[in-house]
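This report concerns helix packing, a chain contact and strand pairing in one model. The sequence and structure are shown first.

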Amino acid sequence: MLPEIGQFSLILACILSLLQTVYPLYGVHTGHQGAIRSAKIFTILQFVAVATSFVILSYSFLINDFTIGYIATNSNSALPWYYRLSAVWGAHEGSLLLWVFLLSTWSIAVALMSKRLPIESVARVLAVLGLLAFGFYLFVILTSNPFDRTLPYFPIDGRDLNPLLQDFGLVIHPPMLYMGYVGFSVAFAFAIAALLEGRLDSAWAKWSRPWTMAAWMFLTVGIALGSWWAYYELGWGGWWFWDPVENASFMPWLAGTALIHSLAVSEKRGVFKSWTVLLALSAFSLSLLGTFLVRSGVLVSVHAFASDPTRGLFILGFLVLVIGGSLLLYAIQASKVKSRGRYQLVSRESVLLINNILLIAALIVVLLGTLLPLVHKEIGLGSISIGEPFFNRMFTILIVPFALFVGVGSLFRWKRQQLNDLKKPLTMILILSALSTVIFLFTFAPSLTWLAVMGTFLGFWIIVGVIYEIYLRSTHRHRFSKGVMKLGNSHWAMSFGHFGLAVMIIGITMTQNYSIEKDVKLAVGEHIAFEHYDFHFDQVKPHNGQNYTATMGVFTVKKDQQAIAVMEAEKRIYTVQRMPMTEAAINAGFTRDLYIAMGEQLPDGAWAVRIYYKPFIRWIWLGPLLMAFGGLLMLCDRRYRSKKDNIENSENSENKPAPVGGSDA
Amino acid sequence: MNPRRKKRLLITSSLIVGLSVAIGLTLFALQQNIDLFYTPDEIINGKNETGIKPEVGQRLRVGGMVLNGSVQRDPESLKVSFDLIDNKAGQVTVYFDGILPDLFREGQGIVAQGVLKSRNAIDAFEVLAKHDEEYMPPEVADALKGMDHLKTQQSN
């Protein structure tokens with residue numbers, strides 16, 4: 001009975017989402033106030049309906065209702081309760097239900113938190129969100145119904161969740177990532193609504209900015225979590241594989257990053273507006289493209305769920321409609337957009353333009369690398385794969401100008417910057433960052449490579465640039481201690497964002513250049529030593545969990561003769577699917593990770609063992625967390641939080657030119 | 001030209017220059033990093049579609065089934081070799097130094113990436129086994145179509 005209610009409320013939500021589109025648009029068109037106000041009501045009702053459906057599916061997972069086919073394939077009564085709950089989004093059908101649920105969550109947030117906006121604008125935005133939701137509801141109901149029953153011959157127990165997914169990562173990574181993906185739908189809806197209205201002004205940029213930032217923040221955390229998860233769960237210590245599915249999440253991130261910067265320009269200076277709209281449309285379209293690539297099974301990937309051509313076709317159709325429709329609307333309406341601001345060639349506007357160009361170039365690289373194998377195969381040239389070296393090389397090239405501009409971009413004034421005024425700060429930053437690079441590498445690097453020097457320098461260039469800019473701005477009119485307290489949240493947000501990027505660049509540089517990876521054959525009692533560390537293979541013992549049996553290798557690690565850790569790496573066999581899994585032992589630290597993973601037991605009784613030393617790998621995930629924290633700071637900015645309209649005040653204070661160099665400083 | 005036009009021209013041209021540099025670099029890097037997929041039979045007799053055989057020294061990917069009884073290990077190190085077969089006449093030997101994936105078994109479909117070292121031998125730097133019961137790269141599935149014994153291996 002319960003699953004039928006879940007199914008019913010899903011269909012109800014589908015109908016409500018259509019009403020949420022049609023009725024408010026009719027209201028806006030005819031000026032019917034009741035119809036305009038109905039947008040909010042339909043949004044709330046739709047949320048209640050889909051939430052009911054989601055809760056019912058989760059509850060059915062908890063009580064092991066194996067009469068539901070989806071649960072029978074993806075859960076098992078021996079599964080711990082928290083994995084049963086997160087198994088809801090462990091496969092295709094449920095993850096789509098999560099998708100529509102989150103879309104509805106974003107919609108209701110827009111409906112409830114947009115009191116300052118004109119009611120017609122909100123109605124349009126909600127209508128667009130409703131239309132998107134309608135498409136996805138149709139998809140879920142027609143091709144991927146999570147409530148399909150196995151009756152009358154239902155299984156006694158389920159086939160269990162894929163062991164790779166039985167991990168804390170599954171609990172948190174997909175929801176975060178989806179919050180990001182789906183969150184861009186709000187930016188998309190704002191852009192479409194503005195195009196429909198034919199009104200693109202600074203107010204539009206100001207409204208959609210916090211929403212975009214929130215989505216970007218979730219996506220950033222989501223991607224970082226995915227990388228961390230892959231690192232410890234896949235058992236071979238990589239943190240990014242340029243896997244098509246990773247690329248699918250990285251593309252909207254790149255577009256989103258370009259978007260938050262271009263929105264800032266649009267809001268403060270009133271320029272780049274049609275470009276910003278195009279970015280807003282792209283960010284969400286790329287999220288959809290990602291979904292298509294993942295769900296349709298056209299790509300070979302570790303993430304591939306069981307594929308089904310009708311699903312692929314449906315999403316492809318939806319994709320074509322959404323992207324085609326929005327671009328058409330853009331083509332018709334964008335010419336009406338007038339940029340009022342003027343700026344010189346050397347100005348912050350230009351620097352941000354360069355930032356956007358580089359991000360889009362990176363986006364094109366990823367897009368090419370992801371889609372080319374598909375195209376190649378479809379036109380009959382045979383199947384190919386594009387290796388990691390391609391992406392790595394391209395990003396190594398692109399990051400150089402990007403990091404150089406990030407480091408000093410915020411020193412540029414809006415409108416016009418005298419290059420002469422930048423000489424002093426640029427020299428200072430150059431000297432200080434070169435000095436930091438030398439000290440840092442001298443302390444932590446065993447040898448020098450060109451790439452390591454370059455990467456570390458770029459990282460410190462940004463860090464020094466960020467600190468120097470904070471110093472200049474704080475001492476512009478006050479003493480440092482007083483001035484630094486007066487910096488706004490938005491300013492700190494930018495600083496944290498850029499600082500996070502620097503931390504990540506340093507982490508990537510150190511990990512890629514100074515990791516030591518040894519695949520060795522070790523018998524119990526043997527040891528291997530490198531880089532001050534000595535790994536002693538103590539014993540192998542059995543270890544049993546709730547739904548698996550494991551063989552555990554125990555290692556004692558010594559550094560300079562001092563025992564610093566006992567590490568236990570497991571080889572698990574999950575009982576239901578009879579699937580072997582490697583559970584790596586990781587000794588994490590701020591400046592290095594030690595990583596041990598058991599391979600197979602060789603015929604003579606010894607074991608194949610991976611032993612890795614990964615310097616600064618934590619910084620790769622610390623960086624994105626700092627970026628996301630920056631985003632959070634911006635959301636807490638007074639301008640976006642307060643209900644009263646204080647645009648005028650805050651805009652005035654924000655528009656003051658950056659106090660840099662020359663007579664100012 | 002008025003300043004506004006000039007600025008637009010500048011923006012547009014910098015966009016075009018940026019994009020073409022990106023595309024140029026991309027294509028250049030791509031050329032060196034595209035790995036074609038072959039089945040064992042295609043390595044010996046040439047691609048099905050074009051008849052082109054891979055050159056010795058070329059990077060490629062090969063997918064097929066690990067021949068029963070062909071896995072040979074070096075007693076001193078992690079060096080291992082095994083034969084790959086497909087549903088045609090092809091048979092090639094793969095050499096690998098490292099840890100094989102969890103799901104590597106004789107009689108299973110795998111994909112190896114590496115360099116062709118002679119007409120029928122590959123030096124692999126990566127070996128991937130199928131991910132779970134339902135998942136297999138489509139190319140491997142094609143190469144093994146009609147070979148029925150995959151299922152029976154599942155029960156170990």
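## Basis of the model

This is a predicted model, in which local features need pLDDT of at least 70 and side-chain atom pairs count only at pLDDT 80 or more, whereas totals for chains, interfaces and linings use all residues. Residues are numbered from 1 along each chain as its sequence is written, while chains are lettered from A and ligands numbered from 1 in the order in which they are written.

Helices (H or I, at least four residues) and strands (E, at least two) are DSSP runs, numbered from the N terminus.

## Packing of two helices in chain A

Helix α8 (residues 202-233) and helix α18 (residues 618-635) of chain A have axes that come within 9 Å and cross at roughly 165 degrees. Axes are lines fitted to C-alpha atoms, for helices over the stretch in contact, with angles from 0 to 180 degrees between N-to-C directions. The two helices, α8(A) and α18(A), are therefore roughly antiparallel, a term for angles over 145 degrees.

Residues that α8(A) brings to α18(A) include A:Pro210, A:Met213, A:Trp216, A:Met217 and A:Trp228. Among those on the α18(A) side are A:Ile620, A:Trp621, A:Pro624 and A:Leu635; contact requires C-beta atoms, placed from the backbone, within 7 Å. The residues of this contact comprise 18 nonpolar, three polar and no charged. Ala, Val, Leu, Ile, Met, Phe, Trp, Tyr, Cys and Pro count as nonpolar, Asp, Glu, Lys and Arg as charged, and the others, Gly among them, as polar.

## Contact between chains A and B

Chain B contributes 35 residues and chain A contributes 37 residues to the contact. On the side of chain B that touches chain A, α1 (3-33), β1 (34-38) and α3 (138-143) of chain B each give two or more residues. The most come from α1(B), with twelve residues. By class, this side of chain B has 19 nonpolar, seven polar and nine charged residues.

Strand β1 (residues 384-386) of chain A runs antiparallel to β1(B), joined by three bridges. A:Ser385 has B:Asp35 as its bridge partner.

## Open sheet in chain A

An open sheet of four strands in chain A has the order β2-β10-β9-β8, with antiparallel pairing; strands pair if DSSP finds at least two bridges between them. β2 (516-522) and β8 (585-587) of chain A stand at the edges with a single partner strand each, so one side of each is left without a neighbour in the sheet. From one strand to the next, the twist averages 15 degrees.

Seven bridges pair β2(A) with strand β10 (residues 607-615) of chain A in the antiparallel sense. A:Trp607 in β10(A) is the bridge partner of A:Leu522.

Notes
Parallel < 35°, antiparallel > 145°, perpendicular 65-115°, else oblique. Contact = placed C-beta atoms within 7 Å.
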